[in-house]
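Visitor: I'd like a quick tour of this one, with the cut-offs spelled out as we go. Can you take me through it?

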Amino acid sequence: FILPGVPQLFEALLTGLVETHLYERIQLGNTFIRYYVTTSLSESEIAPHLTQLQNKASDDGFKDIKIGSYPHMGLDLNTISILGRYKDKEYIRGIVDYSVKNLKGTEIDAKQEEEYSANLDKIK
């Protein structure tokens with residue numbers, strides 16, 4: 001290939017393009033993100049919803065999305081974990097919003113989930 005112009009300028013342009021426009025698509029698109037929603041509903045109450053959401057995600061072509069629930073028995077709440085790729089963030093946000101709205105949920109961050117898990121040790 002023959003490219004016109006000063007090579008150093010082309011290299012700077014290409015580096016800037018990669019850093020500003022392509023990095024998010026290439027690097028972040030394949031990284032995983034996780035959201036957490038807590039609810040006071042029991043696992044038996046939320047299980048049908050989570051199964052439906054998981055099946056819908058798979059049917060819609062989002063096979064990397066994984067939905068699970070984790071009980072915090074001593075705290076009388078369950079955490080719903082929604083894991084997927086960054087590139088599917090919009091779809092995952094829909095699952096989070098559904099869980100908050102329909103499962104009496106509250107979105108929390110990873111630090112809060114760690115605190116809930118740490119409290120289980122104290123409750124035993």
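This is a predicted model: local features need pLDDT of at least 70, side-chain atom pairs count only at pLDDT 80 or more; totals for chains, interfaces and linings use all residues.

Visitor: What is the strand order in the open sheet?

Guide: Helices (H or I, at least four residues) and strands (E, at least two) are DSSP runs, numbered from the N terminus. Two strands count as paired if DSSP finds at least two bridges between them. The sheet has 4 strands with antiparallel pairing, and the order is S2-S3-S1-S4.

Visitor: Which strands sit at the edges?

Guide: An edge strand of this sheet pairs on one side only. S1 (residues 32–39) and S4 pair over 4 bridges, antiparallel, with Thr106 in S4 as the bridge partner of Thr38. The edges are S2 and S4 (105–108).

Visitor: How many bridges join S2 to S3?

Guide: S2 (residues 66–72) and S3 (residues 77–85) run antiparallel, and they make a hairpin with 4 residues between them. Pro71 stands opposite Asn78 in S3. The number of bridges joining S2 to S3 is 7.

Visitor: At about what angle does H3 run to S1?

Guide: Axes are lines fitted to C-alpha atoms, for helices over the stretch in contact, and angles run from 0 to 180 degrees between N-to-C directions; contact means heavy atoms within 4.5 Å. H2 (residues 43–59) lies across S1, S2 and S3, at about 170 degrees to S2. H3 (residues 89–102) lies across S1, S2, S3 and S4, and its angle to S1 is about 5 degrees.

Visitor: What is the relative accessible area of Asp76 in the S2–S3 loop?

Guide: Asp76 is in the loop between S2 and S3, and it has a positive phi of about 55 degrees although it is not a glycine. Buried means under 20% relative accessible area, exposed over 50%, and partly exposed in between (1.4 Å probe, protein chains only). Asp76 is exposed, at 62%.

Visitor: And which loop holds Lys104?

Guide: Lys104 has a positive phi too, near 50 degrees, in a residue other than glycine. Lys104 is exposed, with a relative accessible area of 62%. Its loop is the one between H3 and S4.

Visitor: How far apart in sequence are the parts that Asp64 and Arg85 tie together?

Guide: A salt bridge here is a side-chain nitrogen of Lys or Arg within 4 Å of a carboxyl oxygen of Asp or Glu, and Asp64 and Arg85 meet in one at 2.7 Å, N to O. Asp64 lies in the loop between H2 and S2 and Arg85 in S3, so the separation of the parts tied together is 21 residues. As for cover, Asp64 is partly exposed at 34%, while Arg85 is buried at 19%. So the answer is 21 residues.

Visitor: Which residues join Arg93 in a salt-bridge network?

Guide: Glu107 and Arg93 form a salt bridge, with the closest N and O atoms 2.9 Å apart. Glu107 lies in S4 and Arg93 in H3, so the pair ties together parts that are 14 residues apart in sequence. Salt bridges that share partners make one network, where Arg93 is joined by Asp97 and Glu107.

Definitions and conventions: Residues are numbered from 1 along each chain as its sequence is written. Side-chain values use heavy atoms; hydrogens and water are left out.
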